[in-house]
Amino acid sequence: MTRKDWRIFLLTALLIAAFPWMVQPVKAVSHYVDVMVFAGIFALVCLGVTMLMGYAGQVSMAQAAFFGIGAYTSAILTGRFALDPWLAMPAGASLAALVAWVVGIPALRLKGHYLAMATLGFGVIVHIILNEEVEWTGGPSGMADLPGLHVLGWKLSTELAWYYFVWGTVFLALLFCFHVLHSRVGRALRAIHEEESAAEAMGVPTARYKVQVFVLSAVLAAVAGSLYTHFVTCLNPSSFNLMWSIRFILMVMVGGMQSLWGALLGTVLMTFVGNEWLHVFAEFEILVYGAILLVVALFLPKGLVSLFTRKPIVHNA
Amino acid sequence: MDERSKRPHAALLQLRNVQMQFGGVTALKGISYDVPSGIVQAVIGPNGAGKTTLFHCISGLLTPTAGEILFRGLPIGGLPPHRIAGLGISRTFQHVALFKSMTVLENVMIGRHPRTFSGFWSAGLRFPRMRREERRILEEAGHYLEFVGLSGERDLPAGALPLGKQKILEIARALATQPTLLLLDEPAGGLNMRETEELGELILRICETGITVTLVEHDMNLVMEISHRILVIHYGEHLATGTPEEIKDHPAVIEAYLGGG
């Protein structure tokens with residue numbers, strides 16, 4: 001991480017830490033803490049999307065499916081088999097990693113957007129399984145009364161506790177991703193995005209890295225899914241369909257694809273937009289999403305973070 | 001003449017009847033040739049002769065449809081490019097293929113990839129070994145930039161450099177992989193006279209460090225000036241081989257270049 005990143009890191013951490021104390025006293029917005037827990041969970045998914053799409057240039061349409069794999073693995077193992085959530089979570093992450101690996105290897109050996117196509121189909125399959133395997137997943141009506149989470153013996157019983165736990169996790173994941181980016185692996189991922197043949201000729205095993213970063217994004221999504229399960233304690237398949245995969249991509253695009261800060265900013269903003277401010281539009285919500293996407297693509301192709309950074313001077317790119 | 005015409009000893013790269021077909025089009029009709037170690041080897045030929053295709057075959061971007069390529073006696077045909085880079089063959093591209101939005105320094109740092117090891121875990125968790133390696137990569141990349149004379153531009157985005165310097169940067173990036181054999185695909189393309197002269201000096205300096213340089217080039221002055229040996233291909237076939245002096249007066253070469261059916 002550069003010194004500037006560290007400064008933003010500390011500032012953001014302070015802001016996040018102080019946020020509940022600012023909104024809780026005000027009745028009208030006191031539930032924003034709750035919204036922010038969701039934003040934090042989604043942010044984990046979106047960090048993975050940024051690594052995969054923003055840096056390595058690979059598009060996945062199945063992040064909601066990996067989110068669902070994590071969520072349902074946790075739900076089934078803890079709800080039906082009374083397994084400890086802390087054992088169910090790595091199980092979900094491992095399953096997601098394995099699935100990403102199997103889907104990724106054939107799709108990522110090829111250049112081009114084969115991953116987008118493969119994951120599009122895969123995401124639909126996962127959604128169908130969640131709907132149809134009634135015996136395991138509860139089908140369309142889902143599962144309820146799932147256990148909460150204990151952290152080091154403390155039960156996360158309030159939204160405030162969840163808030164700090166989730167955002168603590170987000171910052172750990174953020175650090176991990178930053179360190180990966182500022183390493184030979186991160187440079188290789190960016191190189192793959194820009195000139196795949198040249199990267200390969202310079203000794204970068206492009207196929208392997210693409211699969212690895214895809215697995216990383218799947219694991220982050222699965223861990224987020226597990227947290228989601230224990231936070232809301234009930235699930236149904238509609239949170240894990242294609243629309244949600246698109247939403248995660250939209251969050252990252254709004255914030256700025258080639259910045260981890262963009263992922264956080266976009267996620268928080270779009271979570272508030274989706275959970276809080278769009279209800280007035282009811283069924284027309286999807287249109288508003290389309291409009292947001294269009295505006296961002298046309299006027300802010302590098303996302304909202306580009307408003308905060310000075311442009312590097314590139315004469316003849 | 002001078003020592004440029006020295007006769008080399010061991011063959012570093014051996015081409016054995018290398019063929020490349022694209023559908024019905026045969027780009028290489030069976031090239032057999034040995035590139036000796038330690039020299040500047042030029043590959044010339046009219047447009048469409050198959051020179052770049054040959055480079056793609058050697059560097060692994062294409063797999064020859066028939067024939068064999070041996071590098072230090074090992075068959076490398078069909079290996080993925082990153083493995084071939086690891087074995088010690090690096091290259092530049094006819095149309096500059098830099099990582100344009102990355103800095104000049106970062107481009108060269110990528111070149112260190114096949115000689116370094118840290119993966120996702122050691123990078124993400126910032127193991128001490130990885131941090132030491134990262135410092136070394138930074139330092140070594142700096143040396144390569146110094147060698148080619150681009151230290152002053154290290155923090156600029158590669159895409160912001162003028163074409164001449166982009167071409168030099170590609171060479172620095174390729175050198176950073178520590179190749180035994182360096183393939184330069186039209187390094188002088190788009191360069192002015194002074195830049196071409198400097199490029200020639202740079203290529204000779206690279207050769208002096210013990211790296212075998214093979215270049216495809218259309219600038220005949222440059223080719224005649226710096227090459228120890230020249231391979232001429234025409235319509236995917238081996239047409240002639242020799243020292244610059246031999247090639248200059250070779251009747252078949254003159255025929256191929258000046259036309260005549």
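Visitor: What share of the contacts in chain A with a separation of 6 or more comes from residues 24 or more positions apart?
Guide: They account for 76%. Two residues are in contact if their C-beta atoms, placed from the backbone, lie within 7 Å. This is a predicted model: local features need pLDDT of at least 70, side-chain atom pairs count only at pLDDT 80 or more, and totals for chains, interfaces and linings use all residues. Residues are numbered from 1 along each chain as its sequence is written, while chains are lettered from A and ligands numbered from 1 in the order in which they are written.

Visitor: How many helices and strands are in chain A?
Guide: Chain A has 13 helices and two strands. Both are DSSP runs, numbered from the N terminus: helices are H or I with at least four residues, strands are E with at least two.

Visitor: And why call chain A as compact as a globular protein of that length?
Guide: Its radius of gyration is 19 Å, close to the 20 Å that the globule rule gives for 317 residues, so it is as compact as a globular protein of that length. The radius is taken over C-alpha atoms, and the rule is 2.2 Å times the number of residues to the power 0.38.

Visitor: How much of chain A is buried?
Guide: 49% of its 317 residues. Buried takes 20 or more other C-beta atoms within 10 Å of the residue's own, placed from the backbone; exposed takes 12 or fewer, and partly exposed is in between.

Visitor: Switching to chain B. What is the strand order in its open sheet of six strands?
Guide: The order is E6-E7-E8-E3-E9-E10, with mixed pairing. Two strands pair if DSSP finds at least two bridges between them.

Visitor: Which strands stand at the edges?
Guide: E6 (89-91) and E10 (237-242) of chain B. Each has a single partner strand, so one side of each is left without a neighbour in the sheet.

Visitor: What about E3(B), is it mostly covered or open?
Guide: Mostly covered: five of its five residues are buried. Val40(B), Ala42(B) and Ile44(B) point one way, Gln41(B) and Val43(B) the other.

Visitor: How does E3(B) pair with E9(B)?
Guide: In the parallel sense, over four bridges. Ala42(B) stands opposite Ile230(B) there.

Visitor: And E8(B), which residue there is the bridge partner of Val40(B)?
Guide: Val213(B). Four bridges join E3(B) to E8(B), and the two run parallel.
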